[in-house]
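Me: I am new to this structure. Please show me how to read its main features.

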Amino acid sequence: MIKFRKIFYFISGLLVILSLAAILFWGFKWGIDFSGGALIEVEFFERPPFDLLKERVDDQSFGAVSIQPVGEKNIIFRLSEINENEHQVFLAKVAGRDNYREILQEKRFNSVGPTIGRELKRRSFFAIGLVLLMIVLYIAFAFRKVSYPVSSWKYGLAAIAALAHDVLIPAGIFSVLGYFKNVEIDVLFITALLTILSFSVHDTIVVFDRVRENLKKYSNRRPFEEVVDESLRQTVGRSLATSFALLIVLVSLFVFGAESVRYFSLTMIIGIIVGTYSSIFIASPLLVTWQK
């Protein structure tokens with residue numbers, strides 16, 4: 001596998017460049033968790049026509065209201081931040097009567113102020129940066145006794161390169177989905193990215209650990225490239241089996257789960273696929289490239 005590493009670098013490099021281009025040109029469609037506002041999802045016992053709903057919520061007191069049908073009976077409304085009294089008035093307007101519970105059932109309600117949203121966005125990026133830093137330090141410490149032929153801190157940097165790849169590609173795909181399909185990113189998206197980081201680094205460390213064991217086993221009798229290649233062959237079956245089992249669960253969640261976790265599961269599916277790929281085809285081959 002190692003001898004084909006330039007092909008793997010090309011594939012990953014192309015995907016990362018396209019992802020960065022999408023993020024730079026289109027950015028993200030931030031959800032109310034980060035931009036502030038209110039989200040209300042209701043399930044109608046019998047959903048009214050779309051034009052009637054639009055007419056009912058066309059009220060200057062609520063500002064611009066976005067209406068998104070979900071499934072056969074549900075509707076998601078997005079509007080500016082509202083308090084509890086305004087929330088109750090809005091539901092009554094949507095139902096067309098004060099006793100709105102006869103018409104609909106509220107499934108979820110979130111209202112976030114713009115200041116809290118900005119703070120949450122700042123803390124989310126800080127959390128991702130902190131996780132990446134801690135991973136470098138941990139791997140450098142764990143492999144501190146492996147200094148030949150590649151220094152221990154290079155194991156950490158190879159893992160970070162793979163992790164950056166694992167985060168940028170889902171982010172790029174969600175930038176495209178936000179631009180063309182109005183898919184928003186929220187706190188669950190950040191949660192999914194952090195989960196992807198933990199899964200991917202765990203998979204990468206398993207391969208690195210096998211490299212360390214094989215370096216001791218063969219001492220200086222075999223070239224480093226062959227040691228890494230054999231380590232990958234010894235661990236690739238386990239990595240693929242683990243990822244496949246996890247993907248079965250995530251795909252089931254995406255197909256049959258609630259609307260609120262659909263894009264969380266999609267982020268995880270993309271992340272697990274690229275994370276498995278980078279653990280096998282990017283992180284360890286980078287060690288060989290570095291050594292040469």
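This is a predicted model: local features need pLDDT of at least 70, side-chain atom pairs count only at pLDDT 80 or more; totals for chains, interfaces and linings use all residues.

Me: How many helices and strands does the protein chain have?

Reply: The protein chain has nine helices and four strands. Their order along the sequence is α-α-β-α-β-β-α-β-α-α-α-α-α.

Me: How much of the protein chain is buried?

Reply: Buried residues are 43% of the 292. The exposed surface comes to about 15500 Å², with 61% of it from carbon and sulfur atoms.

Me: Which share of the contacts joins residues 24 or more positions apart?

Reply: Count contacts with a separation of 6 or more. In the protein chain, 77% of these link residues 24 or more positions apart.

Me: How many positive and negative side chains are there?

Reply: There are 32 positive and 27 negative ones. The centres of the two sets lie 13 Å apart.

Me: What is the phi of Asn-182?

Reply: Start with the general idea. Most residues other than glycine have a negative phi. Asn-182 is not a glycine, yet its phi is positive, about 60°.

Me: Where does Asn-182 lie, and is Asn-182 buried or exposed?

Reply: Asn-182 sits in the loop between helix H6 (152-181) and helix H7 (187-218). Its relative accessible area is 54%. The cut-off for exposed is over 50%, so Asn-182 counts as exposed.

Notes: Residues are numbered from 1 along each chain as its sequence is written. Side-chain values use heavy atoms; hydrogens and water are left out. Helices (H or I, at least four residues) and strands (E, at least two) are DSSP runs, numbered from the N terminus. Buried means under 20% relative accessible area, exposed over 50%, partly exposed in between (1.4 Å probe, protein chains only). Contact means heavy atoms within 4.5 Å. Accessible areas come from the Shrake-Rupley method with a 1.4 Å probe; for residues, only the protein chains shown count as cover. Lys and Arg count as positive and Asp and Glu as negative; His and the chain ends are not counted. The place of a charge is taken as NZ of Lys, CZ of Arg, CG of Asp or CD of Glu.
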